[in-house]
Amino acid sequence: MGTNAIMEKTATDPAVRKMEASFLIDTTKCIGCRGCQISCKSWNQNGTDKTTAGPTLTNPPKLNSKTYTNIAFYESEHNGAITWNFSRNGCFHCKKPACASVCPVEALVKTPEGPVIYRADRCMGCRYCMLACPFNVPKYEWEKLSPSIQKCNFCYDRLLAGMIPACAKTCPTGTIQFSDSIEKNLTEAKKRIAENPGKYHNHIYGEKEAGGTSVLLLSAIPLDQIGHAKVGDQVLPDLTWKYISGIPAIIGVVLAAGIGSWVITRRMKNMDKEDEQ
Amino acid sequence: MSTERHEIKMFTPMTLGLLILIIAGAVSVYKRMTLGLGATTNLQDDFPWGFWIGFDVLGGVAMAAGGFVIASAVYLFNMKKYKPIARPAILTAFLGYLLAASGIFLDIGHPFRIWHPVVMWQIHSIMFIVAIHVVIYTTVLAMESSPMFFERIGLKGVQRFVEKIMMPIALFGTLLSTLHQSSLGAVYLIVPDKLHPLWYSSLLPFSFLVSAIMMGLSMVSFESILSSKFFKHKADMSILSGLARGSIVAIGFYFVLKIFILLSGPGLGAAFAGTMESRLYLLEMAVGVIVPLILLLLPSVRNSMGSIFLVNCFVIVGIVINRMNVSIFGLLRHAQERGVSYFPTGNEFMVTLFLVALGIFLFKFACKYFNVLSYGEVKN
């Protein structure tokens with residue numbers, strides 16, 4: 001189903017309309033089975049990559065145009081023992097997404113239910129979304145002559161059909177927990193940190209990052225040690241809106257200054273001429 | 001006076017060189033269009049914008065600023081002294097914008113959807129603001145350049161009419177340029193976590209505007225001197241020293257602005273941290289700002305065509321370095337943290353060379369067949 005058709009359908013289903021889709025991803029529960037990666041590829045019919053052995057077991061090593069989510073493998077010392085730290089990469093579905101705000105053609109949009117989705121038929125391929133995304137999520141089909149942006153869409157089609165996203169459905173350990181409320185997931189995350197002293201690094205990644213996201217991450221160690229960018233709390237679209245909202249004022253000033261200087265300099269020239277005569 | 005353009009020779013070694021570059025570059029353009037971005041550029045997921053955005057778009061648009069600077073001097077400030085350089089300045093701006101628009105056309109993944117922003121408005125997007133300005137301002141520049149075309153084909157009445165309404169056209173052009181130059185800086189406001197603090201600032205739009213004015217003044221002067229060498233057209237020294245005096249004001253202001261941004265942002269230490277970024281920052285400041293400012297403050301420099309030419313080169317190169325720093329080098333650190341780097345492919349360079357050579361060729365062509373260089377001198 002095309003995304004436009006999906007958007008039209010949302011208007012008709014009140015239960016879906018009220019939803020505020022959210023993931024709580026508790027990486028301490030992850031066993032690195034990569035079931036989420038596989039189900040994501042299956043549902044979205046994304047092909048496979050030819051990969052080579054890297055320094056870690058992360059495979060594919062990065063998100064790409066055919067990989068909306070992957071599990072990153074990190075080894076570290078935790079409480080004196082070597083442990084695996086798994087982390088899940090993917091779109092955070094920001095509350096105020098930078099990608100959607102910079103898109104000149106509304107190809108990327110924040111849906112009322114939370115997912116940030118992409119409408120390929122509008123995209124002209126400027127790739128400003130890729131630059132703007134603080135999490136480096138949107139990927140491009142560089143090899144194609146008619147390329148599109150590719151990224152996780154929170155299984156928007158499944159949500160509208162009353163199902164939870166494919167990755168959450170597959171996860172055997174409850175690492176990826178779906179909720180129809182960000183608030184509920186946030187409360188749960190805080191509860192887990194409070195009830196398990198020492199188990200978690202005391203930071204809910206996504207609570208404040210980029211002004212808050214729909215995906216919340218918990219981990220045993222700081223998230224920048226498992227591949228997540230350090231992102232400020234600033235709502236990014238506000239930074240550009242400050243400039244754009246000032247444009248009417250700039251127009252007024254330039255017009256006034258332009259007309260003013262034209263009138264004044266012309267009179268001065270005329271006065272000079274009169275003096276000469 | 002107007003017979004002078006007939007002395008411009010079209011078949012020279014320079015023209016031949018330009019034609020070779022155009023043909024060789026056309027092959028690279030063809031490759032880009034038939035093989036795609038991945039096969040012909042080093043752009044990648046962690047570095048989506050490269051040399052074409054940095055040089056062709058940001059550099060090209062800044063180089064075009066001479067058009068609105070001179071148009072507002074002549075038509076808004078009534079400085080008739082500069083009328084002889086109005087036509088070449090506006091023509092350069094027109095060609096600069098065509099360069100930028102062609103750069104965007106080749107850079108975007110779907111070149112033939114370049115018109116999408118014009119119908120699919122999204123006013124929260126700086127890219128939308130930028131796109132609309134490119135479209136409208138290129139039209140305005142075409143109108144500002146049209147009198148010499150009408151003059152050439154003998155439509156004197158139309159020419160006089162367009163010249164009569166030049167003041168509102170120039171005012172509109174100045175407005176669009178102010179917004180467009182600054183909005184190109186505003187493009188980078190959204191990446192506070194990615195762009196190096198030496199360049200990231202909430203004042204980016206303003207600093208892009210001021211540096212574009214500097215660049216515009218230098219480009220116009222640079223061009224007048226080159227025209228005098230190549231086209232045997234005599235450059236007016238009083239115009240050149242006037243532009244140089246204007247440059248002192250613009251560069252002085254920009255210097256204060258850049259120091260303010262540095263001190264209120266990352267601090268003086270960041271400029272001397274010994275990193276790649278700090279060296280590039282110092283290079284940009286030395287070449288584009290400090291050396292030209294010191295030179296221009298010497299009266300002997302302001303009165304010598306050769307010295308003014310040298311200063312112009314410094315400013316142009318310095319501002320291009322600034323645009324490359326913002327669009328490429330300032331973002332490299334972030335990309336390197338993600339394990340990638342970026343250096344343009346030969347194909348990317350060739351496409352840019354193609355556009356630049358085409359621009360210079362078209363300028364020469366226009367000087368030969370239209371009254372570009374000798375307009376407005378009769379009154380002096």
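In this predicted model, the contact between the chains draws 51 residues from chain A and 44 residues from chain B. On chain A, the elements that each give at least two residues to the side touching chain B are α4 (98-102), α5 (128-132), β6 (139-140), α9 (236-244) and α10 (247-276). The biggest share comes from α10(A), with 12 residues. Sorted by class, this side of chain A holds 32 nonpolar, 11 polar and 8 charged residues.

Let's now turn to chain B and its helix pairs. Two packed helices are described by the angle between their axes and the distance between the axes. Take helix α13 (residues 276-296) of chain B and helix α15 (residues 305-337) of chain B: their axes lie 8 Å apart and the packing angle is about 160°. Angles over 145 degrees count as roughly antiparallel, so α13(B) and α15(B) are roughly antiparallel to each other. The crossing of α13(B) past α15(B) is left-handed. Their contact is made up of 16 nonpolar, 6 polar and 3 charged residues.

A second pair in chain B is helix α5 (residues 83-107) and helix α10 (residues 204-230), whose axes come within 10 Å and cross at roughly 110°. That angle makes α5(B) roughly perpendicular to α10(B). Here α5(B) passes α10(B) in a right-handed crossing.

Technical notes:
Residues numbered from 1 in each chain as written. Chains lettered and ligands numbered in written order. Predicted model: local features only at pLDDT ≥ 70, side-chain atom pairs only at ≥ 80, totals over all residues. Axes fitted to C-alpha atoms, helices over the stretch in contact; angles between N-to-C directions. Helix = DSSP H or I, 4+ residues; strand = E, 2+ residues; numbered from the N terminus. Parallel < 35°, antiparallel > 145°, perpendicular 65-115°, else oblique. Left-handed = near helix turned anticlockwise from the far one by under 90°. Nonpolar A, V, L, I, M, F, W, Y, C, P; charged D, E, K, R; others polar. Contact = placed C-beta atoms within 7 Å.
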